[in-house]
Amino acid sequence: MTDVLTVRAALQLEVFTRTEVRVYAGGRNLDRPVRWVHTGEIPDIHRFLTGQEMLLTAGLGMGDTALQQRAFVRRLADAHAAVLVVELAGRMFDTMPQAAVEEAEAVGLPLVGLADEIPFVETSAQIHEVLVGMRVKQLIAEEATSQAFMDLLLADEDYVGVVRELARKTGRPVVLEDVAHQMLAYGGATPEADRLVDEWSAHSRAIHERHHSLVTHGREVPNAPAASFREVVPCARQPVILRGESWGWLHLLHGGVQPSPAELRTLERAAAAVAITLVSERESGARASQRQTALLNRLLLGDIPGEKFVSLGLALGQDLRGRDLIVVTVCSGDDEPAQDHALARLLWETGRPAIVGDTGDFDTAVVGLSGPGDAAEVRTVLAEHGLRGGISRVVEPAALPLALRQSRSAASVAAAATTAEVRHFDDLGALRLLVALSEGPELRRYVEDELGPLLEHDALVKNPLLPTLRTFLDCGGNKARAADALFVQRRTLYHRLERLSEILGLDLTRVDNQQRLQLAVRGHDLLRRPALRRT
C-alpha cells in the first residue's frame with residue numbers, strides 16, 4: 001500500500017460511487033497527494049488552504065462570470081490545492097463552467113464534477129479515515145525502521161552496515177561520501193548504479209553542486225524556474241551532520257524514479273545512524289581499517305578470488321574496477337619509528353583507490369593504477385617517505401593472489417636491508433628463491449653449513465668478520481673496492497680475507513666459492529631481518 005492518498009485513489013472511495021464522477025481538467029495531475037479535505041462556499045476560500053487539500057464545493061463561491069470563475073480556479077492553484085470537486089446538482093451549476101475548465105487545464109489543477117449531491121461530511125470522514133490509517137501504518141513503519149538502525153548500532157555495526165541496511169530497506173543503491181566527495185561505502189549495487197559510481201566525482205561535484213539550490217531530498221523547491229529541472233538529478237541525498245559540522249552525504253540513487261516520502265524518511269534516519277557510528281571512530285578510523293583488513297585476509301587465505309575482492313572493495317568505497325593493480329607491502333622494524341596508517345595516508349593523499357590493511361607482520365595494500373608508469377610513481381612516493389617494503393608486478397584482478405606473494409617476497413628482502421628501501425619483485429633475482437626457502441628449514445640448514453664456523457667465531461670476538469665478507473662479496477671479489485668500502489688499508493683487508501679462508505675452509509678468490517657464500521650471506525640476512533611489527 002502506498003504511503004500517500006492520491007486524488008485518483010480518493011475519487012475511488014465508496015462515497016463517490018453514489019454518483020457519476022467526471023474529470024473535466026487536470027487529468028495529468030490525478031496522482032497528486034491529498035493531505036486533507038476542506039469544504040467551503042466563499043470566494044476567498046483559498047486563504048484557508050495550506051496545500052494538498054481536496055476542496056469540496058457546491059460552487060456558490062466560484063462566481064457568476066467567467067472572469068470570477070477563472071480567478072477562483074487560479075487562486076486555488078496558487079494555494080497548491082490538490083483538486084477542486086464541484087457538485088453539479090443545480091444548486092449553483094448544472095454543468096461545469098467552461099471558463100473554469102479552461103483555467104484549470106491551463107494551471108494543471110484537477111477539476112472534478114459530481115452529477116448528484118453527496119454528503120460532504122461523510123466524504124470528509126471516509127477520506128480522513130484513510131489518511132489516519134495511512135499515518136498509523138507510516139508511524140509503525142518508521143518505528144520499525146528506527147529500530148532496525150538502532151539494532152545495527154547496538155550490534156556495533158559501522159557506517160558500511162548502515163549503508164547496506166538502507167539499500168535493503170529501500171531496494172535502491174546507496175552511496176556514502178565524505179565532505180571531500182570521496183566514496184566510503186556503496187550498497188545495493190546495480191549495473192546502472194555502477195555506471196554512475198564510475199564517474200562519481202562528476203556526479204557528486206558537478207551535478208549535485210549545480211542543482212543543490214533547486215532540489216531538496218529529490219523534490220523541487222517551490223517557485224524555482226521550470227527550465228531549471230530539465231536535467232534530473234538521479235539521486236536524493238541527505239547530509240550527515242557530526243557535532244554540528246557537515247561530515248558528508250548519504251546518496252539514495254533512484255535513476256529518475258523519485259523516491260517516496262517513506263524512503264526519504266528512511267534516508268534521514270540512516271544519515272542520523274551514520275553520524276552516531278562516526279562519533280566513536282572519528283579520531284582513529286579503526287572500523288574502516290578493520291573492514292579492509294578483513295577483506296585482505298580473505299584474499300590472502302584464498303577465501304575469495306581476485307575478481308570478488310574487487311567487487312567487495314567497491315562496497316567499501318574503493319573502486320578498483322577496470323584498472324591495472326599492484327600490491328604494496330610495507331613493514332617496520334623495532335629500530336624504526338612506528339608507521340601506523342602511513343601507507344593508507346600516503347595512498348589517500350595521492351588520490352589512488354586502495355584497499356589497505358594490517359595483515360599481521362605487514363601493512364598491505366591493493367592499489368588501483370591510473371596509467372602506465374603509475375607503479376613506478378607509487379614506489380617513488382613510498383621511498384621518499386622512508387617506508388620499507390615491496391611492490392608486485394602489475395596484474396589484473398584474477399592474479400591478485402600471486403601479486404600478494406610477490407609483494408611479500410620483495411618486502412622480506414627490504415626488511416633485511418641495512419637502510420630503508422622499497423624493492424620491486426622483478427629486481428629480486430635469485431633472492432626470490434631464498435625468500436621462498438626462508439619459510440622452511442632448508443635455508444637455515446644451508447646458512448649453517450656454509451657460515452656456521454664463521455658465525456661461531458664472530459660470537460666470541462669483538463671484531464666480527466662477517467661484515468668484511470659481506471662487503472667483499474658485494475664488491476664482486478674486488479679487493480681494492482672492498483678496502484675502500486670498509487675504509488681500511490689493503491694490507492688489513494688481505495689479513496682479514498686470509499683469516500676468513502681459514503675459518504671457512506674455502507678459497508675466496510674462486511668465483512664459485514664467492515657465489516655460494518653470497519647466497520649464504522643473503523640467506524643469513526633474510527633469516528635475521530629485523531623483527532616485524534605484529535598486532
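Contact here means heavy atoms within 4.5 Å, axes are lines fitted to C-alpha atoms, for helices over the stretch in contact, and angles run from 0 to 180 degrees between N-to-C directions. Helices (H or I, at least four residues) and strands (E, at least two) are DSSP runs, numbered from the N terminus. With those terms, helix H6 (residues 191–198) lies across E6, E7 and E11 and runs at about 170° to E7.

The structure is a predicted model, in which local features need pLDDT of at least 70 and side-chain atom pairs count only at pLDDT 80 or more, while totals for chains, interfaces and linings use all residues. Residues are numbered from 1 along each chain as its sequence is written, and side-chain values use heavy atoms, with hydrogens and water left out.

- An open sheet is formed by 4 strands in the order E7-E6-E11-E10, with antiparallel pairing, where two strands pair if DSSP finds at least two bridges between them.
- Strand E7 (183–187) and strand E10 (235–242) are the edge strands, each pairing on one side only, and neighbouring strands of this sheet are turned by 20° against each other on average, direction ignored.
- Strand E6 (residues 174–178) pairs with strand E11 (residues 245–253) in the antiparallel sense over 5 bridges, and His251 in E11 is the bridge partner of Val175.

- E5 pairs with strand E1 (residues 21–25) in the antiparallel sense over 4 bridges, and Leu111 is the bridge partner of Ala25.
- E5 also pairs with strand E4 (residues 83–87), in the parallel sense over 4 bridges, and here Val112 is the bridge partner of Val85.
- From E4 the chain crosses through helix H3 (residues 98–107) to E5 in a right-handed β-α-β crossover, a term that applies if, with the strands pointing away from the viewer, the path from the first strand over the helix to the second runs clockwise.

**Helix packing**

- Helix H5 (residues 159–170) and helix H8 (residues 261–279) have axes that come within 9 Å and cross at roughly 170°, which makes H5 roughly antiparallel to H8; angles under 35 degrees count as roughly parallel, over 145 as roughly antiparallel, 65 to 115 as roughly perpendicular and the rest as oblique.
- In this contact, Tyr159, Val162, Leu166, Lys169 and Thr170 of H5 meet residues of H8 including Glu263, Leu267, Ala270 and Val274.
- The residues of the contact of H5 with H8 divide into 8 nonpolar, 3 polar and 2 charged, where Ala, Val, Leu, Ile, Met, Phe, Trp, Tyr, Cys and Pro count as nonpolar, Asp, Glu, Lys and Arg as charged, and the others, Gly among them, as polar.
- Helix H16 (residues 466–474) packs against helix H18 (residues 490–504) at an angle of about 105°, with the axes 10 Å apart, so H16 is roughly perpendicular to H18.
- Thr468, Leu469 and Phe472 in H16 meet Leu493, Arg496, Leu497, Leu500 and Leu504 in H18, a contact with 6 nonpolar, 1 polar and 1 charged residues.

**Arg291**

- Arg291 is found in helix H9 (residues 286–300) and counts as partly exposed at 24% relative accessibility.
- Not counting residues up to four places away in sequence, Arg291 touches Glu157, Asp158, Val160, Gly161, Arg164 and Leu316.
- Arg291 and Val160 are 131 residues apart along the chain, and their C-alpha atoms are separated by 8.9 Å.

Conventions: Buried means under 20% relative accessible area, exposed over 50%, partly exposed in between (1.4 Å probe, protein chains only).
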